Amino acid sequence: MATPSLFDPHALGPLVLANRIVMAPLTRNRAGPGLVPTDLAATYYAQRASAGLIITEATQVSAQAQGYQDTPGLYTQDQIDGWRKVTDAVHREGGRIFVQLWHVGRISHVDLQPNGAAPVSASALRAQTKTFVNNGFADVSEPRALEIDELPGIVNDFRQAAANAIAAGFDGVEIHGANGYLLEQFIKDGANQRTDAYGGSIENRARLLLDVTAAVAEEIGADRTGVRISPVSPANAISISDPQPQYDYIVDHLNRLGVVYLHVVEGATGGPRDVAPFDFSALRRRFKQTYLANNGYDLELATRHVAENKADLVAFGRAFISNPDLVERLKTGAPLAPLHPATLYGGGAEGYTDYPRHPAAYAA
Ligand code: 8OZ
């Protein structure tokens, strides 16, 4: 068998991806009034449609699920209609697109919550981190612990948002179980001190993620449902004492549910890959379907991990912001354009839809 290449197609459930290069979810804080994606968002994603798969920026499943200014939602008809323009634009360019669904839990601020309420979490433990709100950075607010009888409502918000995703024309959804947001606040013992069926044991801490995943898979099909995890990432001030057995358990149950891909942040999100001991190769072998590797990949590492069967797909984040034609550039060896950090979060077209394609990448 030939050595697999980054530029080979890949079957993902009912889809055939044109290549193994995935545009990672990237928060850009440019939603319009009503937290509706704008026409500019449709242009931005369509410009990047040569990715084998686009995963959208994190998109909240409810008003309570928001934690940063101007992030889009998928719980109103206007939001569904706005996303429909995005999916149509990407599909016209021959691309594939999943929406990343999140609930931020405690990574929020009272000024972003309905009626100025406290954000919710597994336990009433405030994270030592900041969010972006009122056009500046502010400490996240003190959360309250969710009552056990509220959890079916959270699960239902994910289920409904997944149904909305299909109505908006998405090819599937990714459940954001990573980076210190609500589902991870239940998984990781640094944020979860519950004594009910959702806290304590490995099984209990995995329960909310698995409840949500089962509901979404039932709603739209496991073959259109992916899950993102970050077993050892300290992103958003979180910690876990037993990552390997915790995530072995989660992967075994995601296998049972038949989810189509596992998206793994290997190391500290956006930071070192070797932040803590963890055997990602073992996790990859344990998971039965498509393994999407993320964190610190460049062409060389991505090529090697795909060739060595350590990954089926590889996500690129920042490089996709400043290189809409990243796939073509990687294929032809065209240089990569640098990112302008000042235009990452918020604003309009500048630093969003005005990064040009590279002429030399199309010479052939
Ligand atoms: C950067 C800024 C705000 C949110 C994540 C969704 O870390 C995010 C995020 C990243 O997963």
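Biologist: Is R96 buried, partly exposed or exposed?
Modeller: R96 is partly exposed, at a relative accessible area of 28%; buried means under 20%, exposed over 50% and partly exposed in between, with a 1.4 Å probe and protein chains only. Please note that this is a predicted model, in which local features need pLDDT of at least 70, side-chain atom pairs count only at pLDDT 80 or more, and totals for chains, interfaces and linings use all residues. Residues are numbered from 1 along each chain as its sequence is written, and side-chain values use heavy atoms, without hydrogens and water.

Biologist: Which residue does R96 meet in a salt bridge?
Modeller: The partner is D171, at 3.4 Å from N to O; a salt bridge is a side-chain nitrogen of Lys or Arg within 4 Å of a carboxyl oxygen of Asp or Glu. The pair links distant parts of the chain, 75 residues apart: R96 is in the loop between α2 (77-92) and β5 (97-102), and D171 in the loop between α3 (151-167) and β10 (172-176). Helices (H or I, at least four residues) and strands (E, at least two) are DSSP runs, numbered from the N terminus.

Biologist: And D171, buried or exposed?
Modeller: D171 counts as buried, with 7% relative accessibility.

Biologist: Turning to R144, what is its salt-bridge partner?
Modeller: R144 meets E150 at 2.7 Å, N to O. R144 is partly exposed at 33%, and E150 is partly exposed at 24%.

Biologist: Which residues are joined into one network?
Modeller: R159, E218 and E219 are joined by salt bridges that share partners.

Biologist: How many salt bridges are there in the whole structure?
Modeller: The search finds 18.
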